[in-house]
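Here is a briefing on one protein chain. Start with the sequence and the model below, then go through the points by topic.

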Amino acid sequence: MTQLNLFDDARQSLIDDASARIVLMPRWLDRATSAQWFTRLHADISWRGGRRLMYEREVDVPRLRANSAATDPALHPVLRLAIDRVAEAIEVPFNSVGLNLYRNQFDSVAPHNDKLTDLVRGLPIALLSLGATRCMTIRAKRPPRRVVHLELAAGSLLIMDWSSQLNYDHGIPKQREPVGARISIAFRVRPPT
């Protein structure tokens, strides 16, 4: 099990082997910009709840969500700026933006991997965190059962390569201690429809 230190501003290679490449940039976005983006998105986005089948019963999705194509003329200006900056920083032509709002310590996302059919093969996913710090757990699907716990602070950028979705699950667990709201912005390259 690995616990990461976020006091280093450089890229942190969390996993870099034949199974996956996962990199954290803990202070990719400065505090002031991160706070401004969080405030605007929290207030302006049309967040929606949902229900899904889990453990053989229908339950509320324990977070709020929103998504958009990067080419949508109605894309929020903060998301337009964010997608342009992230795409430039890691040289990937993202065309999809998904948002999750974790309102408090009770909101979460179960361990999962993105569906590979929803992604262009070989291109990564990037996750930008805004708002309160939350722990993410990344677990190997097969032995050796490597587990990484990392604190995703406001302004951090996590980059997971395509193969990471084959070999690892990632999730945001519920917390015992009270925590403020967090927005996660997921940048993806979707195949043409």
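This is a predicted model: local features need pLDDT of at least 70, side-chain atom pairs count only at pLDDT 80 or more; totals for chains, interfaces and linings use all residues.

Residues are numbered from 1 along each chain as its sequence is written, and side-chain values use heavy atoms, with hydrogens and water left out.

**Helix H1**

- In H1, the buried residues are Thr33, Ser34, Trp37, Phe38 and Leu41.
- Seen down the axis of H1, these buried residues fall within an arc of 130 degrees, so they line one face of the helix. The arc is that of the directions from the helix axis to the C-beta atoms.
- H2, E7, E9 and E14 are among the elements that cover the buried residues of H1. Contact here means heavy atoms within 4.5 Å.
- H1 has 14 residues, which should span 20 Å at 1.5 Å a residue; its end C-alpha atoms are 20 Å apart, which agrees. The expected span is 1.5 Å times one less than the number of residues.

**Helix H2**

- Helix H2 covers residues 77-90, and its 14 residues should also span 20 Å at 1.5 Å a residue. The end C-alpha atoms of H2 are 20 Å apart, in agreement.
- Val78, Leu79, Ala82, Ile83, Val86, Ala87 and Ile90 are the buried residues of H2.
- They cover an arc of only 155 degrees around the axis, which puts them on the same side of H2.
- Pro77 and Glu88 are exposed on the other side of H2.
- The cover over the buried residues of H2 includes helix H1 (31-44) and strands E7 (96-102), E9 (125-131), E12 (157-160) and E14 (182-188).

**Whole chain**

- The secondary structure comes to three helices and 14 strands. Helices (H or I, at least four residues) and strands (E, at least two) are DSSP runs, numbered from the N terminus.
- The radius of gyration is 16 Å, close to the 16 Å that the globule rule gives for 193 residues, so the chain is as compact as a globular protein of that length. The radius is taken over C-alpha atoms, and the rule is 2.2 Å times the number of residues to the power 0.38.
- Along the principal axes, the C-alpha atoms fill a box of roughly 45 × 40 × 40 Å.
- Of the 193 residues, 49% count as buried.
- Among contacts with a separation of 6 or more, 75% come from residues 24 or more positions apart.

**Rings and charge**

- A search of the whole structure finds one aromatic pair.
- The rings of Phe94 and Phe187 have their centres 5.9 Å apart and their planes at 50 degrees, so the pair is tilted. Rings of Phe, Tyr and Trp (its six-membered ring) pair if their centres lie within 6.5 Å; planes under 30 degrees apart count as stacked, over 60 as edge-to-face and the rest as tilted.
- Phe94 lies in the loop between H2 and E7 and Phe187 in strand E14, so the pair ties together parts that are 93 residues apart in sequence.
- Both Phe94 and Phe187 are buried.
- The charged end of Arg85 sits over the ring of Trp28, 5.9 Å from its centre. The test asks for NZ of Lys or CZ of Arg within 6 Å of the ring centre and within 35 degrees of the ring normal.

**Backbone exceptions**

- Most residues other than glycine have a negative phi, and most peptide bonds are trans.
- Glu91 has a positive phi, near 55 degrees. Glu91 is found in the loop between H2 and E7, and counts as exposed at 71% relative accessibility.
- The peptide bond from Pro143 to Pro144 is cis, with omega near -5 degrees. Pro144 lies in the loop between strand E10 (134-140) and strand E11 (147-152).

**Two loop residues**

- Ser46 lies in the loop between H1 and strand E4 (51-54). Ser46 is exposed, at 66% relative accessible area.
- Beyond its neighbours within four places in sequence, Ser46 is in contact with Arg65 and Ala66.
- Leu119 lies in the loop between strand E8 (109-112) and E9. Leu119 is buried, at 6% relative accessible area.
- Leu119 and Pro191 are 72 residues apart in sequence, and their C-alpha atoms are 6.0 Å apart in space.

Notes: Buried means under 20% relative accessible area, exposed over 50%, partly exposed in between (1.4 Å probe, protein chains only).
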